[in-house]
Amino acid sequence: MCEFAVPGAQNVTVLVVGATSRIGRIVVRKLMLRGYTVKALVRKTDEEVISMLPRSVDIVVGDVGEPSTLKSAVESCSKIIYCATARSTITADLVRVDHLGVYNLTKAFQDYNNRLAQLRAGKSSKSKLLISKFKSAEALDGWEVRQGTYFQDTTASKYDGGMDAKFEFTESERAEFSGYVFTRGGYVELSKKLSLPLGSTLDRYEGLVLSVGGNGRSYVVILEAGPSSDMSQSKLYFSRITTKAGFCRVRVPFSAFRPVNPEDPPLYPFLVHTLTIRFEPKRQRPVDGLAGAQQDLRSFSLIFEYIKALPAGQETDFILVSCTGSGVEPNRREQVLKAKRAGEDSLRRSGLGYTIIRPGPLKEEPGGQRALIFDQGNRISQGISCADVADICVKSLHDSTARNKSFDVCHEYVAEQGIELYELVAHLPDKANNYLTPALSVLEKNT
């Protein structure tokens with residue numbers, strides 16, 4: 001057993017959700033073997049459930065579909081592995097477990113982390129940095145509304161249908177940025193010079209998270225960075241974001257920002273001094289769930305709750321076992337994938353460091369017997385043993401290359417001609433081999 005031990009594992013408590021599932025049962029035993037403290041979230045504690053889990057596991061009763069039952073589950077936990085999946089392909093079950101279950105648990109975990117941060121006077125490594133919180137009319141001070149156009153020629157004036165925007169604290173006590181752009185090439189934007197707390201700099205953080213609500217339009221987030229002593233040296237960096245109808249959290253990693261001028265260097269968060277949210281009619285798409293005839297894609301409404309900076313971290317906080325869709329009945333595949341992808345999106349927006357694993361069809365066979373293929377792009381077609389997926393989950397806990405990564409994985413196979421695979425791990429996944437780092441280092445982040 002000493003050969004399997006992970007240094008410091010005894011100080012890490014991992015909550016396994018879906019601990020009695022095909023993958024979850026193996027995950028629990030691998031964690032115990034390596035010295036972790038393990039909590040298992042189960043819906044009931046009958047004799048059959050108890051017999052599936054080691055006696056030293058701390059069993060917590062709860063339901064991912066009931067947020068009130070999750071507070072005790074996340075207490076004292078530092079990491080979560082989510083192996084739960086709906087027991088049927090009925091849409092209501094899929095939404096409850098694969099979508100809302102992930103959302104409810106990430107929120108409970110974040111609430112717990114925030115309470116820890118308050119107890120530690122904001123010094124927790126997982127505490128966010130508040131940039132703006134829009135709870136009163138005074139929170140709108142310093143924000144400036146501007147208008148502009150990408151075209152300055154006389155031809156563009158023929159298409160000038162007008163534009164307008166405002167940022168106000170409404171009667172319902174909400175900070176709302178709204179307006180319309182009917183001008184060809186026109187845009188409106190909301191901008192503010194950042195004023196961070198003393199001693200805080202954005203280079204300690206890995207991105208922004210915005211809690212917003214509205215009619216589902218897309219926006220451009222622009223960061224201006226440069227020495228404060230000479231604003232003429234400032235550079236502009238942008239990243240496009242999408243929102244949903246109603247409230248949602250939007251995560252924007254600093255790595256997603258690209259320089260407006262391709263010749264400029266990459267964004268250095270330490271130098272960021274101005275934040276801008278821009279709306280432009282181009283690239284807008286109708287929002288699912290809203291009547292198409294009622295959607296004027298040239299108008300927008302965006303309600304702000306808060307803007308925060310996400311703490312940087314080296315390790316994953318939340319590991320989600322999703323699926324590729326391969327092996328699912330064709331007539332139910334779309335419903336299954338829709339719920340799975342919605343759960344993935346809620347995890348990405350949560351602000352937690354995440355790893356999303358999409359295995360091929362699961363097989364009941366020993367792990368460590370075949371090489372693995374790690375890929376992105378929904379191209380794999382082969383299966384993988386439950387034991388290998390469990391091993392990937394455990395290895396992802398402390399592997400920095402797994403943080404904020406989403407990937408597909410299956411057993412080695414020969415791809416069809418013309419369809420190359422990103423990475424073939426030509427080593428067997430045994431306890432002595434760190435196959436995950438070389439495999440994930442070539443895959444894209446935040447996908």
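Okay, a definition to start: on a 1 Å grid over the protein atoms alone, a pocket is an open set of points with protein on both sides within 12 Å along at least five of seven lines, and a lining residue has an atom within 4 Å of a point. A cavity, on that grid, is a set of points where a 1.4 Å probe fits but cannot get out. Volume here is the space filled by probe spheres set on the points, which are joined across faces, edges and corners.

This is a predicted model, where local features need pLDDT of at least 70, side-chain atom pairs count only at pLDDT 80 or more, and totals for chains, interfaces and linings use all residues. Residues are numbered from 1 along each chain as its sequence is written, and side-chain values use heavy atoms, with hydrogens and water left out.

So, the largest pocket holds about 1,200 Å³ of space. It's lined by 45 residues, and the closest to its centre are Cys83, Ala84, Thr85, Ala86 and Arg87. Helix α4 gives the largest share of that lining, 5 residues. Helices and strands are DSSP runs, by the way (H or I, at least four residues; E, at least two), numbered from the N terminus.

Next, the second largest pocket, at about 690 Å³. Tyr103, Phe247, Cys248, Arg249 and Ser346 are the closest to its centre, out of 24 lining residues. Again α4 gives the most, with 7 residues. Where does this pocket lie? Between domain 1 (9-125 + 314-441) and domain 2 (129-311), because both give residues to its lining; those bounds come from an automatic or database domain assignment.

Last, there's 1 cavity of 30 Å³ or more. Its lining includes Tyr82, Asp98 and Lys340.
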